[in-house]
Amino acid sequence: MFKANVFGTVVRNGEYSVNSKAMPMLENVAVCVNEKIGNREIKTYISVNMYGKKASDYTQQLVVGQYVLLEGNLTIEKRENGAPFAKLVVTYPVVVSPIKFEDRCTVDGVANLTRDSETINSAKGSYVKNGLAWSVKQGNVEKSSFCEYSHFFKNRDNGENGGAKVLPILSKGNGIYVEGYLRANTYKNANNEERTTMVIDVDNFKITQFRDSANAKQGSNRPKEVDNTIPAPKSEASNDGINPLDDTRMRKKGNGVIQGELPNITVDDIKEDDIPF
């Protein structure tokens, strides 16, 4: 399961209803996380959902224009056309803040690596890409989430081509605990068609389980944990949708600094077609 903390602005009101068991539900509130990373402005839209008493308590507060701090369980859902989007089921009281902080969506959780890692080298370090999968049980149904994984290893901290050194443990089927940031990534594929993927930019990771006993035996001699912040090397968008950002990029940590680089988001800035759910 992945936990997420979201700092962003409500850009679309949700749908309030009561189900057959008399449980209040507030669904599909659209929250925009608007980040400036390097020279790029990146908007990530998150579908926020609340169930039970929380839903009725916050119906009048989770409205367009409100800046909110949210905490809950994260899944990656898909639309009918296959486009992914992030869904948050709120588990703690919502904070409606009169002060705007740095927008961000921080995540942490345990997943499985879906393929063997690849690495891209640059003068400043090496960039590793992979995929993550995790499951969440919702009622009697178990839903699987899939997301791209990106991690940048700086040469000055990890030596030349530091990313390649961890490729043996970042292999398909291994369990991994990650901490990082969620973002949407829009790119054009080989056919010049626009596509979107959800990416977790990983700050820290730790292998929690090796796929087989042979790997587990060798694991005692392998590095288990890496702690890095992420700029990312210059690279063109790959066909699988992971697009490294500028070398100059450095995500700011969640330290409560008021954001001054980007204007406040208003409903007029958002088109309905921009929201992927």
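**Pocket lining and aromatic contacts in the predicted model**

Strand E4 (40-51), E6, strand E12 (175-188) and strand E13 (194-209) each contribute at least two residues to the lining of the largest pocket. In this predicted model, E4 gives the most to that lining, with six residues. The space within the largest pocket amounts to about 620 Å³, and its lining comprises 22 residues, of which Thr186, Glu194, Thr196, Asp274 and Pro276 lie nearest the centre. When the residues that line the largest pocket are sorted by class, eight are nonpolar, six are polar and eight are charged.

Aromatic contacts were examined next. A pair of aromatic rings is described by the distance of the centres and the angle of the planes. A search of the whole structure returns three aromatic pairs. In one of them, the ring centres of Phe2 and Trp134 are 4.2 Å apart and the planes stand at 35 degrees, so the pair is classed as tilted. Because Phe2 belongs to strand E1 (residues 2-12) and Trp134 to strand E10 (residues 125-138), this pair ties together parts that are 132 residues apart in sequence. Phe2 is buried, with a relative accessible area of 0%, and Trp134 is likewise buried, with a relative accessible area of 4%.

A further pair is formed by Phe85 and Phe277, whose ring centres lie 5.3 Å apart with the planes at 35 degrees, so that this pair, too, is tilted. Phe85 is located in strand E6 (residues 84-90), whereas Phe277 falls in the segment after strand E14 (225-227), and the pair therefore ties together parts that are 192 residues apart in sequence. With a relative accessibility of 10%, Phe85 counts as buried, and Phe277 is also buried, with a relative accessible area of 17%, since the limit for this class is under 20%. Strand E6, which holds Phe85, is also one of the strands that supply at least two residues of the lining of the largest pocket.

The charged end of Arg104 is placed over the ring of Phe7, at 3.7 Å from the ring centre. Asn130 is situated in strand E10, the strand that also holds Trp134, and at 0% relative accessibility Asn130 counts as buried. The side chain of Asn130 is joined to that of Ser117 by a polar contact of 2.5 Å, and the side chain of Asn130 also reaches the backbone oxygen of Leu170, at 3.4 Å.

Notes
Residues are numbered from 1 along each chain as its sequence is written. This is a predicted model: local features need pLDDT of at least 70, side-chain atom pairs count only at pLDDT 80 or more; totals for chains, interfaces and linings use all residues. Side-chain values use heavy atoms; hydrogens and water are left out. Rings of Phe, Tyr and Trp (its six-membered ring) pair if their centres lie within 6.5 Å; planes under 30 degrees apart count as stacked, over 60 as edge-to-face and the rest as tilted. Helices (H or I, at least four residues) and strands (E, at least two) are DSSP runs, numbered from the N terminus. Buried means under 20% relative accessible area, exposed over 50%, partly exposed in between (1.4 Å probe, protein chains only). A charge sits over a ring if NZ of Lys or CZ of Arg is within 6 Å of the ring centre and within 35 degrees of the ring normal. A polar contact is a pair of N or O atoms within 3.5 Å; within protein, one must be able to donate a hydrogen and the other to accept it, and residues adjacent in sequence count only if both atoms are side-chain atoms. On a 1 Å grid over the protein atoms alone, a cavity is a set of points where a 1.4 Å probe fits but cannot get out, and a pocket is an open set with protein on both sides within 12 Å along at least five of seven lines; lining residues have an atom within 4 Å of a point. Grid points are joined across faces, edges and corners, and a volume is the space filled by probe spheres set on the points. Ala, Val, Leu, Ile, Met, Phe, Trp, Tyr, Cys and Pro count as nonpolar, Asp, Glu, Lys and Arg as charged, and the others, Gly among them, as polar.
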